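The sequence and structure come before the discussion.

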Amino acid sequence: MDKPQTLITNNKRLDGRAPEDMRPLKIIAGYLEKADGSAYVECGSTKVVAAVYGPRDVHPKHCAEPDKAIVRCKYDMAAFSVDGERKRPGPDRRSVEISKVCSEALESVILTRKFPKTAIDIFVEVIQADASTRVTGLTAASVALADAGIPMQDLISACSFGRVYGTQNGEPVETVVVDLDKAEDNWGLADIAFAYAPNLEKIALLQMDGRISRQEFSLGMSYGMKVCKQLYELQKAALKKKYE
Amino acid sequence: MVMSELTKKTILTLASAQERIDGRGLQDFRTPKITTGIIPNAQGSALVELGLTKVVAGIKVGIGTPYPDKQEEGVMATAAELTPIASPDFESGPPSPQTVELARVVDRVIRESETLDTKALCIKPKEKVWMVYLDMYPLDMDGNLIDAGVLACMAAMLTAKLPRYENETVIYDDLKDPLPVSLKPVSVTHGKIENTLLVDTTNTEEQVMSGRYTVGFKEDGTICAMQKGGIATFSPEEIETMLENAQVHAKFLRGFLP
């Protein structure tokens, strides 16, 4: 796709969404058989599977902590998941960084001190990437952790927000939008990954690249918090559905 | 690093009283000392001393092929190595997640500011462009490698020169034009110890702190990067407070760049 002339025209994005609209979501809790907990999440065309194993023995042993569980989240993109050329399998520097920040986000709510000397391993596999993959992965990981019965202070609900260029009544504008899709991520002006503990009202992950003013960022953050609270209801509903 | 319980408890007690173990205020940023042009073999270089933290950055340029989606632009790549020279907590070997994060966050602050005119680095579209390699090596770890790293890379870039390129050869001895950089982005990192936010943390503080928040600023106050790290969470109000403080520190730090 070549650079579009506009990403938003008179408050309508390329896929017809309004600035504050999320893409359609699908969440299935307990999607997998072997894992202790699992989830499948679709956010628009982005498709992610998350699996949780734990608390379990730590390998290698020297990584164990005497007073708490260690939390290891591994983010990976399947070779066929990306647009354009195949992505070579295996961790690249981007995946290493994403794994780190996701591990930290999830650890912020897991009650790790209940399980000393163990590991809680979370695997996030992106099987189709249409932007906002790490935040979709966190939303899925959170459901998977709950599905595994791992005690947490709160769920993590995550989304992206950013800034895109477009026109309003023919005049050029820059608008803050929520849940970036691939076009908005590639061609947009700023891209923020945002993970929220909706009951604690605390931020567990926050990354940004691009350029944004403080006011636009504050506006985006308010959209993000609102959307994450909506996501939370969907995550809860998916977990409840398992028991119906 | 094994830290005594007494030291840890002291830092926590001080933090709840809004004090720090080195006597600084919560919003006191150490004064950086920047020396450039220290590595003659590099096309640009700088040593940043931030308190006892020392980071050296060097720039090497070469010729390469552009990315398929940016065929008329040069390429910038940023890397770091955390070697045992700087700290007993660093191990030799392939880059750890901490190293990868450091390199990528520093890269983001610089790249997203758009300070480097990558189009000016194009020699022949689709075929030949300048590749600009930024490499950071902490020599002494006393905290805040991110902000020190950004200062070191920026100082190196601001004083770097491109060699002459003639007859398909790079003539490294003949340094001509300055690297096309126009802006001075800087980053400001806060740490969080329980409920206290403090700027520019030392290594001891980093052993105790539970979270970190870095923000990159351009001169005009536009934010060009953010990275939250650690297992602490932040309230939206804390983020706004840190952004407010960081803008002031950004101006302070920028004043030290060449």
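I28(A) lies in strand β3 (residues 25-29) of chain A; helices (H or I, at least four residues) and strands (E, at least two) are DSSP runs, numbered from the N terminus. This is a predicted model, in which local features need pLDDT of at least 70 and side-chain atom pairs count only at pLDDT 80 or more, while totals for chains, interfaces and linings use all residues. Residues are numbered from 1 along each chain as its sequence is written, chains are lettered from A and ligands numbered from 1 in the order in which they are written, and side-chain values use heavy atoms, with hydrogens and water left out.

**Surface patch**

With a relative accessible area of 30%, I28(A) is partly exposed. The scale used here is buried for under 20% relative accessible area, exposed for over 50%, and partly exposed in between (1.4 Å probe, protein chains only).

**Salt bridges**

A salt bridge is a side-chain nitrogen of Lys or Arg within 4 Å of a carboxyl oxygen of Asp or Glu. By this rule there are 44 salt bridges over all chains.

| Pair | N to O distance |
|---|---|
| D67(A) and R113(A) | 2.9 Å |
| R30(B) and D200(B) | 2.9 Å |
| R164(B) and D174(B) | 2.3 Å |

D67(A) is partly exposed at 36% relative accessibility, whereas R113(A) is exposed at 56%.

In chain B, R30(B) belongs to the loop between α1 (5-16) and β1 (32-36), and D200(B) to the loop between β10 (196-199) and α4 (203-208), 170 residues apart. R30(B) and D200(B) are both buried.

R164(B) is in strand β7 (residues 161-166) and D174(B) in strand β8 (residues 169-178) of chain B, 10 residues apart. R164(B) is partly exposed at 25% relative accessibility, and D174(B) is partly exposed at 28%.

Salt bridges that share partners also join residues of chain A into one network, including R13(A), D15(A), R17(A) and D181(A).
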